[in-house]
Amino acid sequence: MRRLFGWGQKEETPSAPPPSLNEASSRAGGRVDEIEGKIKKIDAQLIPMRAQLKKNPRNTMLKSRAMTLMRQKKMLETRYQQSINQQFNIDNAKYAQESMVDTKSMVEAIKSSNEAMKDFFAEDGFDIDDIMDTMDDMGEMMDMNNEIQEIMSESYGVPDDLDEDDLMDELDMLEADMAEDEALGIGGAEPDYLSVKPLATPGANVAPQGELDEFGLPMAQPQPAQPMAQ
């Protein structure tokens, strides 16, 4: 049957999606950390070997072991530098991709804002000339209000030719007269036109009889003693 009709067509399996830049950067970073850890372990082994070789430089086995570790360290350092460079390139590509996405978002936001502003200015009742006329009217009303306030604040019945220096001289003369009256013993009392007199109340002109207690009430007068009956 297969010879007559041939083999059936195989279904193609979907290929896996390519790794993202974040995944590639993580793998490169993990490789860098792994290589760095191996280099540290080799250094931890080389330090005591170096001390022993200083004491016994003829120990060929120890020297051979140290040379092998040094070759491994040099190889790992080369791989470490390569991995660092690879991670740097991946991070640069990642940054460029993110910048392009951010730029696209900003451009779309600016376009949307421009459309909203066009719709706003296209609405009825929004006219530049009308706004300028409104601001001019407001300025005229503010000027008119200032003129009204100046008129309402004018003083009437006060001579316009009063000099401030003359008023200060009269005030000094008045203080000198008051000081002289106090020195002669005839001043000190407040003038009648400046004193505030309380209003008369009913019963206020009736003088209290007898002494008053601490509450201002009349105290009871003691009654004379009466003689006892025989």
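This report describes the fold, salt bridges and surface features of a predicted model.

## Overall architecture

The secondary structure of the protein consists of 5 helices and 0 strands. Read from the N terminus, the order of elements is α-α-α-α-α. Among these elements are helix α2, spanning residues 21-55, helix α3, spanning residues 60-121, and helix α4, spanning residues 128-152.

Of the 230 residues in the protein, 8% are buried. The accessible surface amounts to about 21600 Å², and carbon and sulfur atoms contribute 57% of that area. Among contacts with a separation of 6 or more, 59% involve residues 24 or more positions apart.

## Salt bridges within helix α2

The whole structure contains 3 salt bridges. One of them joins the side chains of Lys38 and Glu34, with an N to O distance of 3.8 Å. Both residues belong to helix α2 and are 4 residues apart, about one turn of the helix. Lys38 is partly exposed, because its relative accessibility is 41%; Glu34, at 48%, also counts as partly exposed.

Another salt bridge pairs Lys40 with Glu36, whose closest N and O atoms are 3.9 Å apart. This pair likewise lies in helix α2 with a spacing of 4 residues, about one turn of the helix. Lys40 has a relative accessibility of 54% and therefore counts as exposed, whereas Glu36, with a relative accessible area of 30%, is partly exposed.

## A salt bridge between helices

Lys73 and Asp43 form a salt bridge in which the closest N and O atoms are 2.7 Å apart. Lys73 lies in helix α3 and Asp43 in helix α2, so the pair ties together parts that are 30 residues apart in sequence.

Is Lys73 buried or exposed? Its relative accessibility is 18%, and because buried means under 20%, Lys73 counts as buried.

A nonpolar surface patch of about 720 Å² is formed by Ile128, Ile131, Met132, Met135, Met138, Met141 and Met142. Of these residues, Met142 is located in helix α4 and counts as partly exposed, with a relative accessibility of 48%.

Phe88 is a residue of helix α3. Its relative accessibility of 52% places Phe88 in the exposed class, since exposed means over 50%. The C-alpha atoms of Phe88 and Gly29 are 9.7 Å apart in space, while the two residues are separated by 59 residues in sequence.

Note on methods. Residues numbered from 1 in each chain as written. Predicted model: local features only at pLDDT ≥ 70, side-chain atom pairs only at ≥ 80, totals over all residues. Heavy atoms only, no water. Helix = DSSP H or I, 4+ residues; strand = E, 2+ residues; numbered from the N terminus. Buried < 20%, exposed > 50% of the residue type's maximum accessible area, 1.4 Å probe, protein only. Patch = residues over 30% accessible without salt bridge, like charges linked within 9 Å, V, L, I, M, F, W, Y side chains within 5 Å. Areas by Shrake-Rupley, 256 points an atom, 1.4 Å probe, with all protein chains shown as cover. Salt bridge = Lys/Arg side-chain N within 4 Å of Asp/Glu carboxyl O. Contact = heavy atoms within 4.5 Å.
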